[in-house]
Amino acid sequence: MIALTGPAGTFWGRLTPAEQAAFAAASTRSGFAAGEVIVGQGEETKQVYVVLSGHIKVIAGAAAGHGVMLAVCGPGEVLGELSAIDGEPRSATMTAIDAVDVLLLPAVRLQGLCDAHPRIGWSLLQVIARRLRETDQQRAEYGGGSTMQRVVTLLLDLSTRLGKVGVDGVHIASPFTQQELAETASTSRESMARVLRELREEGVITTGRGWFVIHRIERLRELVR
C-alpha cells in the first residue's frame with residue numbers, strides 16, 4: 001500500500017484504499033531527478049504515471065526550448081493517460097521540476113485494472129473532463145484581451161498553482177523559461193518583459209531569475225476585471 005496524501009480532487013485521492021492497493025500492485029515505482037525529462041512530446045511510450053512526491057511540468061509544442069505551459073502536476077495527479085488509452089504518441093513533454101517519485105503503470109495493464117475496478121476508469125474520466133475544461137478556460141483567458149491582461153492572468157494562474165504566501169506577498173518559484181511563459185500568454189518575450197517592468201515600477205511585483213513575488217495581488221485582480 002502506498003501512503004500518499006494529497007488534494008481530495010486528485011486522481012489518487014478519488015480512489016478507495018483497495019483501489020489504490022490494486023493500482024500500486026500493478027505498477028512499478030520509479031524516480032526522476034530535478035530537470036530530468038520524463039517523457040518527450042511525440043514519443044511512443046504508453047505508461048501511466050501517478051505522482052507520489054515532487055512536481056512535474058507539462059509543456060506542449062516544446063521545440064528548441066519553446067512551448068506552452070499546460071499544467072504543473074503534484075502528488076496524487078495522474079499523467080500519460082491519453083496515450084495509454086488511445087495508443088497515440090505523447091502530446092506533451094513532461095519534465096521533473098524537483099526530485100520526483102512516481103508509480104508507473106504499463107498501458108497493457110490499464111484495461112484489466114479498470115475492468116476489475118471500474119471506479120479507477122471513472123476517476124480517470126473525471127480527470128480528463130477536468131483537464132478539458134481547464135484547457136477551454138486557458139484558451140479563453142489567453143486568447144483575448146490586452147497583453148497586460150494576458151500576462152496578469154498568467155501571474156494569477158501561477159500564484160494558484162505554485163504560490164506560497166510569505167510576509168511580503170505570494171512567492172512563486174517558476175520552473176518555466178521566459179519564452180514558455182510568453183508563449184503561454186500568447187505574446188512575445190519582449191512584450192512580456194515590458195509588462196513585467198511596468199508592474200515592477202508600480203510596486204506590484206518583484207522578479208528574479210526563476211522567481212516572482214506578488215506584493216499586491218488585489219491590484220493584479222483589478223487589472224483583469
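Strand β3, residues 48-53, is mostly covered, with five of its six residues buried. The model is predicted. An open sheet of four strands runs in the order β9-β10-β12-β11 with antiparallel pairing, and helices α6 and α8 lie across strands of this sheet.

**Strand β3 and its partners**

- β3 is joined by five bridges to strand β8 (residues 100-105), and the two run antiparallel.
- Within that pairing, Tyr49 stands opposite Leu104 of β8.
- β3 also pairs with strand β6 (residues 78-79), in the antiparallel sense and over two bridges.
- Tyr49 has a bridge partner in β6 as well, namely Leu79.
- Strands of a sheet pair through backbone hydrogen bonds, in a parallel or an antiparallel arrangement.

**The four-stranded open sheet**

- The order of the strands is β9-β10-β12-β11, and the pairing is antiparallel.
- β9 (164-166) and β11 (205-208) are the edge strands, each of which pairs on one side only.
- From one strand to the next, the twist averages 25°.
- Three bridges connect β9 with the antiparallel strand β10, which covers residues 169-173.
- Gly166 has Gly169 as its bridge partner in β10.

**Helices across the sheet**

- α6 lies across β9, β10 and β12 (211-214), and runs at about 80° to β10.
- α8, made up of residues 189-201, lies across β11 and β12.
- The direction of α8 is at about 130° to β11.

**Thr147 in α6**

- Thr147 belongs to helix α6, which spans residues 147-162.
- Thr147 counts as buried because its relative accessibility is 18%, and the cut-off for buried is under 20%.
- Leaving aside residues up to four places away in sequence, Thr147 touches Thr187, Ser191, Arg194 and Val195.

**The largest pocket**

- Two or more lining residues come from each of β4 (56-63), β5 (66-73), α3 (81-86), α5 (118-142), α6 and α9 (217-223).
- α5 gives the most to the lining of the largest pocket, at 10 residues.
- By class, this lining has 20 nonpolar, 13 polar and 12 charged residues.

**The second largest pocket**

- α8 gives the most to the lining of the second largest pocket, with five residues.
- The lining of the second largest pocket divides into seven nonpolar, six polar and three charged residues.

Note on methods
Residues are numbered from 1 along each chain as its sequence is written. This is a predicted model: local features need pLDDT of at least 70, side-chain atom pairs count only at pLDDT 80 or more; totals for chains, interfaces and linings use all residues. Side-chain values use heavy atoms; hydrogens and water are left out. Buried means under 20% relative accessible area, exposed over 50%, partly exposed in between (1.4 Å probe, protein chains only). Contact means heavy atoms within 4.5 Å. Two strands pair if DSSP finds at least two bridges between them. Axes are lines fitted to C-alpha atoms, for helices over the stretch in contact, and angles run from 0 to 180 degrees between N-to-C directions. Ala, Val, Leu, Ile, Met, Phe, Trp, Tyr, Cys and Pro count as nonpolar, Asp, Glu, Lys and Arg as charged, and the others, Gly among them, as polar.
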